[in-house]
Amino acid sequence: MLLEIEPTVTEMQLTTSVSECYEEGQTELTFEEFTKWYFKSTYYERQQKQADKAKEQVDQTLCAAIAPPKNATVFGMVKYIFLFPLISTLALTVPDVRRKSVDGKYCYVAFFMAIAWIGVYSYFMVGWAETIGATVGIPSYIMGLTFLAAGTSVPDLISSVIVARMGEGDMAVSSSIGSNIFDILIGLPLPWIIFILYPNDDKTVLIGADGIWVSIMILLAMLLMIIFTIHMQKWKLTKTLGYIMFFFYVAFLVQAIVREYVF
């Protein structure tokens, strides 16, 4: 029961908690007894402090939401200045339905506004990445494989870490796989369909497909190697598996760069 509430608890903490819950000679523990112990434990105090802090952040005014942090370090101020365009645009245009003063029906408006801002941010991100690459001499192909790929995967990383800490390792993996499938089957075709439906002289979309079969075979080979590696790790997310996957990613980048500039 404690693991369900505190997925990050250690074995030593579990042992200590067991000694606190069970009296001498006791072999069973009811849910009511566990609840009574938990409300007096440090775990509950920590969760309560985090909940109170989150409530304060939600209930704060709009000006306080975009104001610089109090008693911030130099790094904190640099981070605030760097993120201010994102914070200000989202705070001023996306309704925060967590606040009591905002009607919950505005959640649909907040959802579509968030999607719209993601599109705006993505447009500028791609343009700036190409400009920076052209300035420092990095081809757009390499920028797309590295910086843009990493930047667009940050939301997947954050969501995977959150659910993994909750003990849902399968959900952490499936969210990453599902997002990539959505990008390929929805994110790419949808703009093409809109372009085709829009009145213009050319009703087709030309896609650069040079060497597409080689790329598909390489991706299939990578998929088989990943499945084999996970099987060898007994279907557990271990540090060794993380290192191996990181090696596969580096190997994929190397072969992609070699195929682009050598063959």
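# Helix packing and aromatic pairs in a predicted model

Me: Start with α8 and α12. How do their axes sit?
Reply: The axes of helix α8 (residues 140–165) and α12 come within 11 Å and cross at roughly 170 degrees. Axes here are lines fitted to C-alpha atoms, for helices over the stretch in contact, and angles run from 0 to 180 degrees between N-to-C directions.

Me: Parallel or antiparallel, then?
Reply: α8 and α12 are roughly antiparallel to each other. The scale is: under 35 degrees roughly parallel, over 145 roughly antiparallel, 65 to 115 roughly perpendicular, and the rest oblique.

Me: Which residues meet there?
Reply: From α8, Tyr141, Ile142, Leu145 and Thr146. They meet Tyr249, Phe252, Leu253, Ala256, Ile257, Glu260 and Tyr261 of α12. Contact means heavy atoms within 4.5 Å.

Me: What should I know about the source?
Reply: This is a predicted model, where local features need pLDDT of at least 70 and side-chain atom pairs count only at pLDDT 80 or more, while totals for chains, interfaces and linings use all residues. Residues are numbered from 1 along each chain as its sequence is written, and side-chain values use heavy atoms, with hydrogens and water left out.

Me: How many helices and strands?
Reply: The chain has 12 helices and zero strands. Both are DSSP runs numbered from the N terminus: helices are H or I, at least four residues, and strands are E, at least two.

Me: And how much of the chain is buried?
Reply: Buried residues make up 15% of the 263 residues. Buried is under 20% relative accessible area, exposed is over 50%, and partly exposed is in between (1.4 Å probe, protein chains only).

Me: Left-handed or right-handed crossing?
Reply: The crossing of α6 and α7 is right-handed. The rule is that a crossing is left-handed if the near helix is turned anticlockwise from the far one by less than a right angle, and right-handed if clockwise.

Me: Which residues make the contact?
Reply: On α6, Pro85, Leu86, Thr89, Leu90 and Thr93. On α7, Met113, Trp117 and Tyr121.

Me: Now aromatics. How many pairs does a search of the whole structure find?
Reply: Six aromatic pairs. Rings of Phe, Tyr and Trp (its six-membered ring) pair if their centres lie within 6.5 Å; planes under 30 degrees apart are stacked, over 60 edge-to-face, and the rest tilted.

Me: Give me one of them.
Reply: Tyrosine 123 and phenylalanine 124 form an edge-to-face pair, 5.6 Å centre to centre with 80 degrees between the planes. Tyrosine 123 is exposed at 63% relative accessibility, while phenylalanine 124 is partly exposed at 38%.

Me: Why is the pair of phenylalanine 124 and tryptophan 128 tilted?
Reply: Their planes are at 40 degrees, so the pair counts as tilted, and the ring centres are 5.4 Å apart. Both residues lie in helix α7 (residues 107–136), four residues apart, about one turn of the helix. Tryptophan 128 is exposed, with a relative accessible area of 57%. Tyr123, Phe124 and Trp128 form one aromatic cluster.

Me: Switching to α2. Which residues are buried in it?
Reply: Leu14, Ser17 and Cys21, in a helix covering residues 11–21. Seen down the axis of α2, the buried residues fall within an arc of 65 degrees, so they line one face of the helix. The arc is that of the directions from the helix axis to the C-beta atoms. On the other side of α2, Met12, Thr15 and Ser19 are exposed.

Me: Where is threonine 229, and what does it touch?
Reply: Threonine 229 is in helix α11 and counts as buried at 10% relative accessibility. Leaving out residues up to four places away in sequence, threonine 229 touches Leu241, Ile244 and Phe248.

Me: What about the phi of lysine 234?
Reply: Phi is near 60 degrees, a positive value in a residue other than glycine. Lysine 234 sits in the loop between α11 (212–232) and α12 (239–261), and is exposed at 66% relative accessible area.
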